[in-house]
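Welcome! Have a look at the sequence and the model below, and then we can walk through them together.

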Amino acid sequence: MGRSQAQEIQRRAASGNSARPAVLEAEGLAGGTLRNISLKLREGEILGVAGLEGQGQRALFRALLGLAPLASGSVKVDGASVRLSGPDVALKTGRGIAFLPEERKTEGIFPALATATNIVLPVVGRIGRAGLISERLERDAAVGSSSEVDLGPRYLDFRIGYLSGGNQQKALGPRDADRRQNPLAL
């Protein structure tokens with residue numbers, strides 16, 4: 001880049017990035033393998049969490065999604081405290097928190113189901129009534145979501161297990177149109 005990392009950090013601090021409010025804030029998270037984890041993520045930032053496999057990154061992401069219990073700590077989304085008790089609650093937060101698993105084929109998709117069905121699963125409660133899913137609403141939601149991530153509509157009827165890894169990943173992206181402007185994908 002032509003300048004040191006320290007210079008880049010100073011430049012970003014001077015640009016006022018730290019004055020923007022945090023969109024995701026975690027303070028003192030503990031539970032399982034997590035010990036006193038705190039972080040702040042501001043709009044426009046990308047936060048990298050690095051370490052050797054098994055050093056707690058996965059546990060942190062699962063805790064932020066509500067898939068792993070926390071013994072202590074707090075989470076705020078857009079300044080409001082949230083109690084993340086599961087992925088459905090995380091998706092409904094002000095920004096919508098989504099988890100894109102590293103093991104897409106075993107944790108992210110139902111390979112025998114159509115791509116359209118996989119796309120709408122997180123919001124299936126909004127496209128059905130009394131346990132019945134409207135095919136028209138499912139298709140409309142899947143078409144809208146797929147166009148946002150440049151996934152061709154011809155793929156919606158294929159079993160997602162038959163798609164390339166890249167197209168499977170697109171289908172797993174944030175799916176809620178209300179939150180698509182600023183999703184928090186973990």
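## A first stop: Q168

Does Q168 count as buried or exposed? Q168 has 1% relative accessibility, so this residue counts as buried (buried means under 20% relative accessible area, exposed over 50% and partly exposed in between, with a 1.4 Å probe and protein chains only). Please keep in mind that this is a predicted model, in which local features need pLDDT of at least 70 and side-chain atom pairs count only at pLDDT 80 or more, while totals for chains, interfaces and linings use all residues. Residues are numbered from 1 along each chain as its sequence is written, and side-chain values use heavy atoms, with hydrogens and water left out.

You will find Q168 in helix 7 (residues 165-172); helices (H or I, at least four residues) and strands (E, at least two) are DSSP runs, numbered from the N terminus. The Q168 side chain comes to 3.0 Å from the backbone oxygen of I160. Setting aside neighbours within four places in sequence, Q168 has contacts (heavy atoms within 4.5 Å) with R104, K105, I109, I160, G161 and L163.

## The chain as a whole

Seven helices and eight strands make up the list of elements in the chain. Of its 186 residues, 35% count as buried. If you take the contacts between residues at least 6 apart in sequence, 56% of them join residues at least 24 apart.

Now find the open sheet of four strands, with the order 2-1-3-4 and antiparallel pairing (two strands pair if DSSP finds at least two bridges between them). Strand 2 and strand 4 (80-82) are at the edges with a single partner strand each, so one side of each has no neighbour in the sheet. On average, neighbouring strands here are turned by 20° against each other, direction ignored; axes are lines fitted to C-alpha atoms, for helices over the stretch in contact, and angles run from 0 to 180 degrees between N-to-C directions.

Let us go through the pairs. Strand 1 and strand 2 are joined antiparallel by six bridges, and L29 is opposite I37 in strand 2. Strand 1 also runs antiparallel to strand 3, with five bridges, and E27 has S74 in strand 3 as its bridge partner. Three bridges link strand 3 and strand 4, again in the antiparallel sense, with K76 opposite S81 in strand 4. The hairpin of these two strands has two residues between them, and D78 takes a positive phi near 55° there.

## Helix 2 and the cores

Helix 2 packs on this sheet, where it touches strand 1, strand 2 and strand 3, and its direction makes about 70° with that of strand 2. Its buried residues are Q57, L60, A63, L64 and L65. Their cover includes strand 1, strand 2, strand 3, helix 3 (87-91) and strand 5 (97-98). After helix 2 comes G66, with a positive phi near 90°.

The largest nonpolar core has 17 residues, of which L24, L29, L60, L64, V75 and I97 touch the most other members. A nonpolar core is a set of buried Ala, Val, Leu, Ile, Met, Phe, Trp, Tyr and Cys residues joined through side-chain atoms within 4.5 Å. Strand 1 (22-31), strand 2 (34-42), helix 2 (57-65) and strand 3 (72-77) each give two or more residues to this core. A second, separate core of 15 residues includes A116, A142, L151 and L163.

Methods: Polar contact = N/O pair within 3.5 Å; in protein donor to acceptor, adjacent residues only side chain to side chain.
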